[in-house]
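Colleague: Please bring up the model. I would like to go through its charged pairs and then its nonpolar packing.

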Amino acid sequence: LSLELRRGPTGMALYVPFFSPKEAQTSAKLEEQRLDILSQIAHTSRATEDATKPERLRSLKDQYNETIEKKIAVDRGPFLDPLLNLPIELFILLIKEIISRRDGTSTKDLLTLSLVNAQWRRALVSEPTLWTDVAIGNGLKDTDVLARVHTGLVLSDTQPIHLAIDHPAPDWNEHFVPLLRPHASRVKSLIIWPPSSTKLAEEATAGDVTICEILMSLGPLPNLRTLELESKYRVHDWEFTSFLIRTPSIWSITGDYLTYHQIENCVSLELDTFMTYVTLGKLLRILPKFQRLTTLIVEDITGEESFYSDEDNEGRLSDLPLTQLPLQSLNFRQNRAVDLPRLISISSHLVDISMAITWKVLAEVLPLLRDSRLEELALYVKCKRSWDNVFQPLDVPRFATLKSFTFHLHGYDSNLEADHERVERLFDSIRSSTSLQKVAFSTDRLHFPLEVINTLPNLRTFSLDAVKIEAVDRLFRLQSVYLEAITLHIPAPLICDTLKVLRCPNLVNLELEYDGGEPFTPDVQLRLDTDGQYPALYVLEWGLRGVIWHVTSLPSLRIVKFKDLTLQHVSDFCVSIILRPHDCPSLEQIEFLQYPEWDLLYIMLERRNFLRDARISPIRLVSMPSSIGLALRQPLNSLLRGRFANRCSNQDVSLVAITEVYSDSSL
């Protein structure tokens, strides 16, 4: 075994070792030895009781555990070491996925990972891009907080850093400013957000540093590209202008909305992204001055229920010249959308649009998108006033390049049939699309035209959220050769009817969820794969209340995620795996949102992980809703590692025994 890590012009170079014939032969012999000991344990367990039987069983189990540890050492762990078996670029991405979080513990997590072994420590310390996330927040309220921040700043070398700050930040001027200021020129992105226990600006206590003080205390930030501020923290116009003078390279300002005067002060900057609550009537007068603006987020400060702003006297802007904008992404959430068609008409480069509008405005916008190159379209249609529900577009274009289509209908017309007609006409625009890969539909009472899905040859992901629909007459047989992921959030009886006719041979991820209305009656079962229609299903996410687990054959299922707090279906699942392990032979990972019955969990793991059938994969990972006590965790870790465990009796960890403890008023 050899591993060489070397720093070069592009960072680390990793030379992956391979298994020698001798190592492979040793692993095979240990596997034979393991199976032989299992046979001896089974034979001894069935033998007549005598005084030596317990001691013989204990000795055999000790031999088995020793063999497992030797095999793990030869195979380099119960799991393959990602550092030794993945390209270094992918290993770095995986580590970043684990440690990139907003709780201020990324540096602490990296230091913990460096304790895995010397090879991991050398790999992590020698890669500066892993240490570029510098977070100051609640997760760093330890005695060594400054040492950890300093470690991250040093190990990130000369790489650009991403600075995230919880507000209010204690001891900011005294401790953190002197530490960060020498590295101000490396700050590429700056995020300031409230901690989990949000303290608003108006609730700030005496001595709390203000947002403006944080921004100005760092000094000039010549290479800052991205600024994100929590919208609850207002920065005055003159303060914001002073900050912009120190950030000549800024491109993106989001999170907090910009006022009209702040936008005017940004004209000299080459912004490509900003967020604002300014009405379109004012925005359209200044947007042509931003020649690099590619992403615009327009939110509504007036509230979701209002339809008019204070500037209704602006009128349409027909007097303005038709200057084309470089916009590529538009997120529009304002209730006053009278000028939205104007903005769409001068934004011919749009590829991503998300709009919250009425049917009437949608009818005006759709014809303007005929020649667009849209790739993502999200429509959030609001049905509130009868005159806003008129949908008579001059043209409903077909989007030849559309890859993702999301449709949400909030509220509904008193005439449901009219809503059905409007939805069906809209969805005709995507019928038979060869580019569409993702469709998401959400509504209160309308039926989704499922027959459209069967006309999309390259669809990969489909989501249906309609918890209040009642009839099943419009649920057509869903058939798609390429469909890989389905999410169904509809009444449980309709899920049963839909799955009975589902024919998606390449389905990999299936998410089932229903949390409204009455649960199933106890004698109802949801049958999966009664005739082999899920040969490729890899992940099953289960969020159905009161549903009895019944699986006949899911040969490729690796991961089961329970998303409901009901204990009964978790217990049903454990019993099913105990009695019918061949139903899910590839199962390796289980995620519980509710604690299972511990006796059933232990029995399930002991039966499955000690089977002699090589076709049955052992369960290696179990996720719990929170941490568990040592007495329960140690046996669980041993069983997941493939070892026999010394644990409490089934009676001691049963639901009956635990209930007695919880019900004891003397404790």
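Modeller: Aspartate 583 forms a salt bridge with arginine 580, with the closest N and O atoms 2.4 Å apart; a salt bridge here is a side-chain nitrogen of Lys or Arg within 4 Å of a carboxyl oxygen of Asp or Glu. This is a predicted model, in which local features need pLDDT of at least 70 and side-chain atom pairs count only at pLDDT 80 or more, while totals for chains, interfaces and linings use all residues. Residues are numbered from 1 along each chain as its sequence is written, and side-chain values use heavy atoms, with hydrogens and water left out.

Colleague: Which parts does the pair of glutamate 511 and lysine 563 tie together?

Modeller: The side chains of glutamate 511 and lysine 563 meet in a salt bridge at 2.3 Å, N to O. Helices (H or I, at least four residues) and strands (E, at least two) are DSSP runs, numbered from the N terminus. The two parts are 52 residues apart in sequence, because lysine 563 sits in the loop between strand S21 (559-562) and helix H17 (567-579), and glutamate 511 in strand S17 (residues 509-514).

Colleague: Which residues are linked with Glu511 in a network of salt bridges?

Modeller: Glutamate 511 is buried at 14% relative accessibility, whereas lysine 563 is partly exposed at 32%. Both belong to the network, and the residues linked with Glu511 are Glu513, Glu541 and Lys563.

Colleague: In which helix do glutamate 55 and arginine 58 lie?

Modeller: These two form a salt bridge, the closest N and O atoms being 2.5 Å apart. Glutamate 55 is partly exposed at 48%, and arginine 58 is partly exposed at 45%. They are three residues apart, about one turn of the helix, and that helix is H2 (residues 53-74).

Colleague: Which residues touch the most other members of the largest nonpolar core?

Modeller: A nonpolar core is a set of buried Ala, Val, Leu, Ile, Met, Phe, Trp, Tyr and Cys residues joined through side-chain atoms within 4.5 Å. The largest has 157 residues, and those touching the most other members are Phe274, Leu340 and Phe407.

Note on methods. Buried < 20%, exposed > 50% of the residue type's maximum accessible area, 1.4 Å probe, protein only.
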